[in-house]
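Reader: I am new to this structure and would like to learn how to read it. Might we go through it feature by feature?

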Amino acid sequence: MTRIPDSNVIDVETLNNLAEIMGDDMRMLLDTYIDDCTCKVSEICAMSLETQQDDIFRMAHSLKGSSRNIGVTEFADYCSEAERLARAGELTVNDFDPDSIQLLFNRAVSELKNVYL
Amino acid sequence: MKLLIADDNNTERLILSRVLENLGHEVTQAENGLVAVEKFNEFKPDLVFLDVMMPEMDGYQVAAQIKHHKDKSWFPIIFLTSLTEASDLAKCIDVGGDDFVSKPINKIIIRAKLDAFERLINLYNTVAEQQKEIKVHNDHLVQEQEAAKKVFNNVAHRGCLDSDYIYYHLSAMSIFNGDLLLAVVLPTGALRVMMGDFTGHGLPAAIGALPTSEIFYGMSKKGFSLEDLIKETNTRLYNILPRGIFCCCVIADINPSDKQIKFWSAGAPDAYLIDKEKEDVTLLHSSHLALGILSPKVFKAKLQSYPFTVNHKLITATDGIIESTDKNDKMFGEKRMLDYINQNICSENICDGLLEEVEEYIGEAGQDDDLSLLEVSFPDTVESTQLTKSTEQNKTRGTADLEFSLKLRGQSLNEFDPIPLFLQTILECNELLPHRTRIFTVLTELYNNALDHGVLGLDSALKSSSNGFAEYYQQRADGLTLLTNDFVKVSVDHQPIKNGGKLIFIIADSGKGFDVEGIMKRGSQVYSGRGLPLLLQLCTSVDYLDGGTKVKAVYEWDENDIPD
């Protein structure tokens, strides 16, 4: 790592453990994560709270899962909460809006790039 | 191991894949449910990791499809899930999953679970292999049993059990549990029956029946006495049966001319001697250890004799009847059996009725059908020609022209019966086979006269009373043990004549002789049962010489004149 990331955004220990597992393919993994989630974030931002609670639930679940694995904790927590509420059909704009999610994701990517890429 | 990972999340799939490869496993990936099923069929993994939420087909559906694949032996499915609700986790197991791991994955937990499942897979494969082996062995066993049954049926055949004066029950099940029923007509015209019960069940029990039945038919055909048969059977079984296997049995000779039954029971339940006229049942107890237990050196067979007329019947059963139980495990018992016989004493066929009674008693308790039962009435329709319908194809003239003799002295008179030896030698001339019964009768009559009346000096008038038989045979047995210098010499001279032959029997004994002329004048009813008239009927001539201590009987036969 070139610098220690912001611990609010990224969990260093998870990232280190992952680096041990992936070895030389750590960059490839991070590229895959960033590419995958960039698409998914775009998709989720375009979904309607009124009619697509179920779709939002699934997408948030997926985003949360990947992010947890990488150690992107702040973003993962946000997606987790959105997933929980959307599953019950109770997600509102207070808990979930495209701007917030985009912001958090961008922050996470930025930290990752600073650390590894 | 070969592992399949199905997860639509690229990141997660990549990480898990790398963790598993680092542990040394071979990994295939699927990005949705449909691909998962395809890859499963193609790759045939040893274990499958399934994400629950996938597009096209979710994890539950995939599990349901692949779990019972007919071409794949058992394999574990581990669900990958970040769902935490108990109901969600339980559903993983319900659809056929064997375990679940929560996301994000922990490589230590993954490794531990893989190790555990690998042990399980090995265990399963071992069991499957052993099951195959067991099936092969089982198939062999069944084949061997079938072969054994065929041999058994050919050797231990029923003899004359289907005669009019015999009722019996013997099932395939009871045969294979060691029960045996044999019946044969002796050359004398007497009936010999045997009921045996070998210890144990199945093949080990049934196999003892083979030598037993060979000896029974072989020796009876040659005219061996009941004592000799019993001794030989015990010797053979003693030598060949393993420890703990023996034969409980009842054997009897029923002689219609003597109107007498000679009975021997070893380890068997009581047999029943019925007198229909007096409406009386005598219990005949076992008085010896079962066959195959005592060494031949110490084995003795002491027969019991009783009168047996048209009014008599013998019933014998193996312990299956008495030991049949009802649904409360209560036995049928000896008392019930005796009561039934007493109540039906004059019935023509007690056997069938008794079996129905037992079956009703057992009721729904179900039965092993280990019931063997024999009921013998007076054999007045004995077919003494049975034995002449032999399968011997090679007709040889063998001993058509011979002369031989045998002199038995002292205790050999007690210990050896020469009749079967003589008979066998004479009948090597196969053309004499139809004459077997007559020759046997002549030989036996002459020899017994020489031994009983000549050497032992017994009075056959004793045999005419009902207790007399027992007394006569007791005196005979006692007298035989005291012999030292006495002898009986038997000579046989077989000469061919045109179209047949002439058998000359000369029997000499060391007795005092008798008043030949006097007896002849009185018409001689002196001798046992049949007496001289029978000999004169069967032989061309009978002459007493040397003061009655020697007899010469001539039997002429013609090949064109077959006795019926």
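This is a predicted model: local features need pLDDT of at least 70, side-chain atom pairs count only at pLDDT 80 or more; totals for chains, interfaces and linings use all residues.

Reader: Let us begin with the elements. How many helices and strands are there in chain A?

Author: One starts by listing the elements. Chain A has five helices and zero strands, and from the N terminus on its order reads α-α-α-α-α.

Reader: What share of the residues of chain A counts as buried?

Author: Burial is judged by counting neighbours. Of the 117 residues in chain A, 35% are buried. Among contacts in chain A between residues at least 6 apart in sequence, 67% join residues at least 24 apart.

Reader: At what angle do α2(A) and α3(A) pack?

Author: A helix pair is read from the angle and the distance between the axes. In chain A, helix α2 (residues 26-45) and helix α3 (residues 53-70) pack at about 155°, and their axes are 10 Å apart. Angles over 145 degrees count as roughly antiparallel, and therefore α2(A) is roughly antiparallel to α3(A). The crossing of the two helices is left-handed.

Reader: Which residues of α2(A) and α3(A) meet?

Author: From α2(A) come A:Y33, A:D36, A:C37, A:K40, A:E43 and A:I44, and from α3(A) come A:I56, A:M59, A:A60, A:S62, A:L63, A:S66 and A:I70. Sorted by class, this contact holds eight nonpolar, two polar and three charged residues.

Reader: How many residues does α3(A) have, and how many of them are buried?

Author: A helix may be checked by comparing its span with the expected one. α3(A) has 18 residues and spans 26 Å from its first C-alpha to its last, close to the 26 Å expected at 1.5 Å a residue. The helix is mostly covered, with 14 of its 18 residues buried. After α3(A) comes A:G71, which has a positive phi near 100°.

Reader: How many residues of chain A are in contact with chain B?

Author: An interface may be described by its residues, side by side. Here 15 residues of chain A are in contact with 14 residues of chain B. On the side of chain A, α1 (12-22), α2 and α3 each supply at least two residues. The largest share, eight residues, comes from α3(A). By class, that side of chain A has six nonpolar, six polar and three charged residues.

Reader: Let us turn to the backbone of chain B. Which residues does a cis peptide bond join?

Author: The omega angle is the one to read here. B:K103 and B:P104 are joined by a cis peptide bond, with omega about 0°. B:P104 is found in the loop between β5 (99-102) and α5 (107-155) of chain B.

Reader: Where does B:D329 lie, and is it buried or exposed?

Author: B:D329 has a positive phi of about 65°, although it is not a glycine. Its place is in the loop between α10 (319-322) and α11 (333-343) of chain B. B:D329 is exposed because 7 other C-beta atoms are within 10 Å.

Reader: Where, then, is B:D546, and is it buried or exposed?

Author: B:D546 lies in the loop between β19 (541-545) and β20 (550-558) of chain B. B:D546 is not a glycine, yet its phi is positive, at about 50°. It has 11 C-beta neighbours inside 10 Å, and so counts as exposed.

Definitions and conventions: Residues are numbered from 1 along each chain as its sequence is written. Chains are lettered from A and ligands numbered from 1 in the order in which they are written. Axes are lines fitted to C-alpha atoms, for helices over the stretch in contact, and angles run from 0 to 180 degrees between N-to-C directions. Helices (H or I, at least four residues) and strands (E, at least two) are DSSP runs, numbered from the N terminus. Angles under 35 degrees count as roughly parallel, over 145 as roughly antiparallel, 65 to 115 as roughly perpendicular and the rest as oblique. A crossing is left-handed if the near helix is turned anticlockwise from the far one by less than a right angle, and right-handed if clockwise. Two residues are in contact if their C-beta atoms, placed from the backbone, lie within 7 Å. Ala, Val, Leu, Ile, Met, Phe, Trp, Tyr, Cys and Pro count as nonpolar, Asp, Glu, Lys and Arg as charged, and the others, Gly among them, as polar. The expected span of a helix is 1.5 Å times one less than its number of residues. A residue is buried if 20 or more other C-beta atoms lie within 10 Å of its own, exposed if 12 or fewer, and partly exposed in between; C-beta atoms are placed from the backbone.
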